[in-house]
Amino acid sequence: MNKVNSKSNVKVMSRIGMLSAVAFLLMFFEFPLTFIAPSFIKLDISDLPAMVGAFTMGPVAGVIISAVKNVLHIALKGTSTGGVGELSNFIIASVLTGTAGIIYKRDNTFKGAIVGMLFGTVLMTIAAIISNYFVIFPLYANFMPMEAIINAGKAVNANISSLWDMMIYSLVPFNLIKGFLVSIVTMLIYKKISHLFRV
């Protein structure tokens, strides 16, 4: 029995490692949505492997993959924000994939996956507002003055005149787009690759 459990644990760890490596590579393919947010806020789909992991191995796997990809990013690529950007990425990725994974685990159907990703996207957006307003942007202000951050937002949207405005006019649409994009790509590829990562 112990040997069976040991083999299963090795499989889980190896698959988490593989998905984490893919997620790390996807972090290199990032681009700004300058019609919504300042250029220093960039979009990528590196949460996709974490979503696959959450669906095939459970929500904890999604959170672990989200953590490992950011650790790899800091260790191998370095960080220009003292880890602040990576911390933000980890928080929102964990909420997205963890929520989706929990719901899908309870309702292991196509409908459960859709509901999980929708709830995950909404909760991720809420988490992004809270974490960015109270933690991430105040920390980022050590690298870029808060006034400059707000002015960068105002250059994109004239309605932005405060940090809270930035949350509402930039962070909300940005994270909704990110969540829906990751969800759509997951739906398109999940059936084709899920068998590779199930335990």
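Are K69 and D47 buried or exposed? K69 is buried, and D47 is buried too. (Buried means under 20% relative accessible area, exposed over 50%, and partly exposed in between, with a 1.4 Å probe and protein chains only.)

Before you start: this is a predicted model, where local features need pLDDT of at least 70, side-chain atom pairs count only at pLDDT 80 or more, and totals for chains, interfaces and linings use all residues. Residues are numbered from 1 along each chain as its sequence is written, and side-chain values use heavy atoms, with hydrogens and water left out.

**Stop 1: the salt bridges**

Select D47 and K69. Their side chains form a salt bridge, 2.7 Å from N to O. (The rule: a side-chain nitrogen of Lys or Arg within 4 Å of a carboxyl oxygen of Asp or Glu.) K69 sits in helix α3 (residues 59-77) and D47 in helix α2, 22 residues apart. Helices here are DSSP runs of H or I, at least four residues, numbered from the N terminus.

K178 is buried, like D47.

**Stop 2: α2 against α4**

Show α2 (residues 47-57) with α4. Their axes come within 8 Å and cross at roughly 30 degrees. Axes are lines fitted to C-alpha atoms over the stretch in contact, and angles run from 0 to 180 degrees between N-to-C directions. That makes α2 roughly parallel to α4. (Angles under 35 degrees count as roughly parallel, over 145 as roughly antiparallel, 65 to 115 as roughly perpendicular and the rest as oblique.)

Next, pick out the contact residues. On the α2 side, D47, A50, M51, A54 and F55 meet α4 residues including A93, L96 and Y104. Contact means heavy atoms within 4.5 Å.

**Stop 3: α4 against α5**

Select residues 84-106 (α4) and 110-140 (α5). They pack at about 155 degrees, with axes 7 Å apart. That makes α4 roughly antiparallel to α5.

**Stop 4: G153**

Finish at G153, in helix α6 (residues 146-156). G153 is buried, with a relative accessible area of 0%. Leaving out residues up to four places away in sequence, G153 touches P38, I160 and M166. What separates the C-alpha atoms of G153 and I36? The separation is 8.6 Å, for residues 117 apart along the chain.

Note on methods. Helices (H or I, at least four residues) and strands (E, at least two) are DSSP runs, numbered from the N terminus.
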